[in-house]
Amino acid sequence: MRSPRGLLAISGYLAGRHAPAASVSTTGHHSLFFARAIQILAQPEPVRLQELSAPDSGILELRLERPEVKNAINWDVMRRLRSAIEKIQADAAAKVVLVASSVPGAFCAGADLKVWSCSERKLMGSSEVGEYARSLRSTFSSFEALPIPTIAVIEGAALGGGLELALSCDLRICGGNAELGLPETGLAIIPGAGGTQRLPRIVGRSRAKELIFTGRRCDAAEAVMMGLANYCVPAGEAYKKALDIAREITQKGPLGIRMAKKAINQGMEVADVSSALAVEGECYEQLLHTQDRLEALAAFAEKRKPVYTGK
C-alpha cells in the first residue's frame with residue numbers, strides 16, 4: 001500500500017500533466033484527494049490473523065475489525081476469511097484459533113447484504129443473495145473443517161451469519177453482554193450459512209426449531225444452559241477465559257488434539273454407533289507410534305518417578 005506522501009506525489013504528477021500548475025480548483029482537488037487517501041490508509045484491515053508470541057506460541061488470533069457495521073460480513077470480509085483459513089491450514093505449528101472482535105459490543109452483526117454501485121448504496125438482488133449465501137456457507141464449512149480447535153470469543157451481538165460463524169467453531173465463550181440469535185425468518189428467509197444444520201446438532205432439534213422459528217435472541221446465561229455456549233463470564237472477560245482454555249489445549253499432544261477433533265466430528269456424522277466407533281478406532285491407531293505419544297509417555301514417566309530422599 002502506498003504512503004500518503006506517495007499518493008500525493010502521484011496526484012501532483014497527474015495534475016502537472018493535465019491542469020495548470022496553480023489554481024484554486026486544483027488545490028481543492030489535491031486536498032480532497034489527500035484527505036481520501038488518508039482515510040483509506042487509516043482504515044483497519046477488516047480481518048486480521050496473527051500468532052501470539054511466546055509463551056503462547058501456537059495460538060492464533062483471528063480478529064474481525066469492521067466497526068462501522070459491527071463486523072457485518074460482506075464479500076471483502078468473506079474473501080479475507082477464506083485467505084485466513086488457507087494460512088491456518090498451511091501453518092503446521094498452529095494449535096488453537098481464537099475468533100474475536102475488536103469492536104466493542106459486537107462479535108458479528110451477520111451478513112452485509114448491501115453493495116456499493118458508483119455513489120449509490122443498494123440491496124443485493126435475489127441472485128446475488130443466493131450466490132453470497134452459498135459462498136458464506138462454503139467459507140464456514142472450510143473453517144469448521146480446520147484440524148485444530150477453534151474458539152469463538154463472543155462479546156456483544158452474534159446475530160445471523162455472526163452466530164453461524166460462531167457455530168462453526170468448536171467452543172463458544174460468552175461475555176455477560178452477549179446476545180445470540182438467528183433472526184432470518186423475520187426477513188422471510190432462513191439461516192443460510194449452516195445455522196439450520198449446526199444449531200440442532202449443538203442444542204437439539206426442538207430447541208433449534210424454537211430459536212429459528214421465532215427468531216428470538218438469547219443471552220449468555222441461557223446460551224450456556226441450552227449448550228449453545230460453553231461458558232458465560234462477566235462482560236469483558238470472555239477473551240481471557242478463551243485464552244486460558246487455549247493455553248490448556250496447547251499443553252496437550254498436538255496430534256492427539258487433532259485426532260480427537262477428527263474422531264468426534266466424523267463420528268457424529270455417521271449413521272450408527274458401530275460406524276462411529278470404527279472412526280474412533282482408526283484415529284486411535286494412527287496415534288500409537290507417533291513422536292508426540294513417545295514424548296508424552298516419557299514426560300508422564302518422569303512425573304511418576306519416585307524422589308529419593310536419602311532415608
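**Pockets in a predicted model**

**View 1. Elements around the largest pocket.** Helix 4 (126–144), strand 9 (171–175), helix 6 (195–203) and helix 10 (254–269) each give at least two residues to the lining of the largest pocket. Helices (H or I, at least four residues) and strands (E, at least two) are DSSP runs, numbered from the N terminus. Helix 10 supplies the most, eleven residues. This is a predicted model: local features need pLDDT of at least 70, side-chain atom pairs count only at pLDDT 80 or more, and totals for chains, interfaces and linings use all residues. Residues are numbered from 1 along each chain as its sequence is written, and side-chain values use heavy atoms, with hydrogens and water left out.

**View 2. Centre of the largest pocket.** A pocket is an open set of points on a 1 Å grid over the protein atoms alone, where a 1.4 Å probe fits, with protein on both sides within 12 Å along at least five of seven lines; lining residues have an atom within 4 Å of a point. Here 28 residues form the lining, and E144, D170, K261, I264 and N265 lie nearest the centre. The space is about 910 Å³, counted as that filled by probe spheres set on the points, which are joined across faces, edges and corners.

**View 3. Between two domains.** Domain 1 (47–251) and domain 2 (254–302) both contribute to the lining of the largest pocket, so it lies between them. The domain bounds come from an automatic or database assignment.

**View 4. The second largest pocket.** Its volume is about 670 Å³. Of its 27 lining residues, A111, L113, E184, L187 and I189 are closest to the centre. Helix 4 gives the largest share of this lining, five residues.
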